[in-house]
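The points below are grouped by topic.

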Amino acid sequence: MCRSDLRQAVLAKNDGLAEGLRDDLARQGVTLVNLLSSPGSGKTELLARVLARAGERGVPVAALTADLATENDAERLARSGAPVRQLLTDGLCHLEARQVRARLADWLPPDTSVLFVENVGNLVCPAAYDLGETLRIVLMAVTEGEDKPLKYPTAFGSAHLVVITKTDLAGPAGFDESLFHENVHRVNPGVEIIRSCARTGTGVGTVLDRALAARDGTPPHHPPLAPHPHHHPAPVSDPHHDPAPAPDPHHHDHPASAPDPHRPPASAPLS
């Protein structure tokens with residue numbers, strides 16, 4: 001088996017596991033939100049504020065945070081009062097659906113309505129792996145440069161929502177927000193972009209609102225590189241034109257595999 005075929009097989013297996021996990025969580029009334037960003041983007045601090053805000057509103061949420069080593073982020077997030085668990089990848093640069101399922105077993109509180117998963121700090125490999133999420137949020141700090149969406153088109157092109165972090169540093173960093181918006185929309189037309197600052201609380205409530213909207217059934221933005229295209233109906237073909245090819249969910253990083261219509265039923269519920 002060549003390397004390309006192996007990669008497709010790995011991704012296809014992950015997609016099947018992710019779909020099963022999504023179905024199991026849905027039966028339990030849980031919506032998974034996948035947070036992706038580079039290291040140092042400020043997503044842990046922003047997530048801590050979102051968890052705390054959810055607690056203030058009486059919304060039962062939980063968080064799973066992933067790192068190669070240490071439980072530092074879990075300790076920080078736990079200060080919010082929300083149930084938190086650390087997932088150590090032992091050197092793997094991304095999360096996979098099997099890891100999420102294994103870590104959730106016998107842990108997820110039964111009243112949880114939104115589960116936030118803080119992915120490994122990396123905008124390359126994590127973008128190709130569906131974790132069973134309903135909402136995928138990609139975050140970027142103003143210090144990272146306006147051209148980042150063009151450098152990492154798979155990550156930004158698969159986002160249901162984009163969040164700018166550390167906006168209090170936009171001035172000193174010389175951040176050109178209009179150019180950033182332009183670049184994001186070049187790879188993901190129409191995606192919503194939210195400004196946030198964990199220090200001042202800007203955008204915290206909005207991020208939580210978007211997660212709750214996904215939980216309540218509001219269809220998320222349909223990105224061109226959707227991480228789980230089986231949830232979206234195929235476009236209607238124009239009989240007068242050749243049909244356009246379906247978007248490739250793993251474009252650039254990984255070739256896509258077609259969903260298997262004979263995939264076995266989802267595995268047993270987590271709880």
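**Strand E6 and its neighbours**

Strand E6, residues 161-165, pairs with E7 in the parallel sense over 4 bridges. The model is a predicted one. Its secondary structure comes to 9 helices and 7 strands.

- On the E7 side, leucine 161 has glutamate 192 as its bridge partner, and valine 163 has isoleucine 194.
- E6 also pairs with strand E5 (residues 135-141), in the parallel sense and over 5 bridges.
- In that pairing, leucine 161 of E6 is the bridge partner of isoleucine 137.
- Leucine 161 therefore has a bridge partner in E7, glutamate 192, under the rule that strands pair if there are at least two bridges between them.
- E6 is mostly covered, with 5 of its 5 residues buried.
- In a regular strand, side chains alternate between the two faces of the sheet.
- Leu161, Val163 and Thr165 lie on one side of E6 and Val162 and Ile164 on the other, and all of them are buried.

The sheet as a whole
- The 7 strands form an open sheet in the order E3-E2-E4-E1-E5-E6-E7, with parallel pairing.
- Strand E3 (84-88) and strand E7 (192-195) are the edge strands, each pairing on one side only.
- From one strand to the next, the twist averages 20°.
- Helix H4 (residues 97-104) packs on the sheet and touches strand E1 (31-36), strand E2 (61-67), E3 and strand E4 (114-118).
- The direction of H4 makes about 135° with that of E3.

A pair of packed helices
- Two packed helices are described by the angle between their axes and the distance between the axes.
- Helix H2 (residues 43-57) packs with helix H9 (residues 204-215) at an angle of about 70°, and their axes are 9 Å apart.
- H2 is therefore roughly perpendicular to H9, since angles of 65 to 115 degrees count as such.
- H2 contributes Leu46, Arg49, Val50, Arg53, Ala54 and Arg57 to the contact.
- H9 contributes Val204, Gly205, Val207, Leu208, Asp209 and Leu212.
- By class, this contact between H2 and H9 has 7 nonpolar, 1 polar and 4 charged residues.

The whole protein
- Of the 271 residues in the protein, 49% are buried.
- Among contacts between residues at least 6 apart in sequence, 75% join residues at least 24 apart.
- The protein exposes about 12500 Å², and carbon and sulfur atoms supply 54% of that area.

Conventions: Residues numbered from 1 in each chain as written. Predicted model: local features only at pLDDT ≥ 70, side-chain atom pairs only at ≥ 80, totals over all residues. Heavy atoms only, no water. Helix = DSSP H or I, 4+ residues; strand = E, 2+ residues; numbered from the N terminus. Axes fitted to C-alpha atoms, helices over the stretch in contact; angles between N-to-C directions. Contact = heavy atoms within 4.5 Å. Parallel < 35°, antiparallel > 145°, perpendicular 65-115°, else oblique. Nonpolar A, V, L, I, M, F, W, Y, C, P; charged D, E, K, R; others polar. Buried < 20%, exposed > 50% of the residue type's maximum accessible area, 1.4 Å probe, protein only. Areas by Shrake-Rupley, 256 points an atom, 1.4 Å probe, with all protein chains shown as cover.
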